[in-house]
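Here is a short note to read with the model open beside you. Take the points one at a time, and find each residue as you go.

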Amino acid sequence: MTEITKVKDDIQHLNNQLINYYSSFQRLSEECLKIRTNSQEINIIVENIKLKQKREDIRDATSNGSLVWKIENFTQKWNDARSGRQISIESPLFYSLPTGYKMCARLHMYGDADAHGTHMSMFLVLLKGEYDAILTWPFNFRVTFCLFDQTGQGYHIVDSFDPDTTLPSVQRPNSNMNTAGGIPKFCPLAFIEQSENYYVRDDTMFININVN
């Protein structure tokens, strides 16, 4: 009888240990889940901070009235312009100041209107912006375009224009985007079509737009 009692006690003791182990395992699992959840939340917070910083960096980089427009896949865009499939392309948005005019550039690679087939046409387009209510209208700042010579010889093509303040293109935008204004005969197509093309390398062209 004593042996049976001892065995029962041992079994009960083992059961109690198993219960304790199970409880400890549950607590450990819950803690691991909390740690994993917290880690995921931290990762989300970090990614959001990085994304916000990236957006701020991009905004800062394009809020000084100057944009270097990198035009990749030039050959495809050139062929599209020549064939009429897509006669113009637009640059990324940029601002004259962090609280300034909202703008983009528009390029007609094969020319616009009277310049079609003879010159590239470059234009500036004003867009409806967040700070239009506190800006001076009409827009009246000199705009300079520069097509970069990529050979290092300095044969950049540079031209500027001063807006005609009587035109709708420089008034405060009523719609999302104004009509464009700029330089129809910016760059002779002969410079682009010649065998020694200074302005396209690795199927890429660079144009700087600067608003004084």
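**Notes on the model**

1. Start with a charged pair: Asp 80 forms a salt bridge with Arg 85, and their closest N and O atoms are 2.8 Å apart. A salt bridge here is a side-chain nitrogen of Lys or Arg within 4 Å of a carboxyl oxygen of Asp or Glu. Asp 80 is buried at 13% relative accessible area, whereas Arg 85 is exposed at 59%. Buried means under 20% relative accessible area, exposed means over 50%, and partly exposed lies in between (1.4 Å probe, protein chains only).

2. A word on the background before you go on. This is a predicted model, in which local features need pLDDT of at least 70 and side-chain atom pairs count only at pLDDT 80 or more, while totals for chains, interfaces and linings use all residues. Residues are numbered from 1 along each chain as its sequence is written, and side-chain values use heavy atoms, with hydrogens and water left out.

3. How many salt bridges are there by this rule? The count is four. One of them joins the side chains of Glu 90 and Arg 106, at 2.8 Å from N to O. This pair links distant parts of the chain, with Glu 90 in strand S2 (residues 89–90) and Arg 106 in strand S4, 16 residues apart. Glu 90 is partly exposed at 40%, but Arg 106 is buried at 15%. In general, side chains of opposite charge can pair when their charged atoms come close.

4. Arg 142 and Asp 162 also meet in a salt bridge through their side chains, at 2.8 Å from N to O. Here too the pair links distant parts of the chain: Arg 142 is in the loop between S5 and S6, and Asp 162 is in the loop between strand S7 (157–161) and S8, 20 residues apart. Arg 142 is partly exposed at 42%, and Asp 162 is partly exposed at 46%.

5. Now step back to the whole protein. It has three helices and nine strands, which follow the pattern α-β-α-β-β-β-β-β-β-β-α-β along the sequence. Helices (H or I, at least four residues) and strands (E, at least two) are DSSP runs, numbered from the N terminus. Of the 212 residues, 33% count as buried.

6. Look next at the backbone. Most residues other than glycine have a negative phi, and most peptide bonds are trans. Asn 73 has a positive phi near 55° and sits in the loop between strand S1 (66–71) and helix H2 (74–83). Ala 113 also has a positive phi, near 55°; Ala 113 is in the loop between strand S4 (102–108) and S5, and is exposed at 62%. A cis peptide bond, with omega about 0°, joins Trp 137 and Pro 138. Pro 138 belongs to the loop between strand S5 (119–127) and strand S6 (143–147).

7. Which residues does Ser 63 touch, leaving aside its neighbours within four places in sequence? Ser 63 is in contact (heavy atoms within 4.5 Å) with Tyr 95, Ser 96, Leu 97 and Pro 98. Ser 63 lies in the loop between helix H1 (2–61) and S1, and is buried at 5%.

8. Finally, check the cysteines. The structure has zero disulfides, a disulfide being a pair of cysteine sulfur atoms within 2.5 Å. Cys 104 is buried at 1%, and Cys 146 is buried at 10%.
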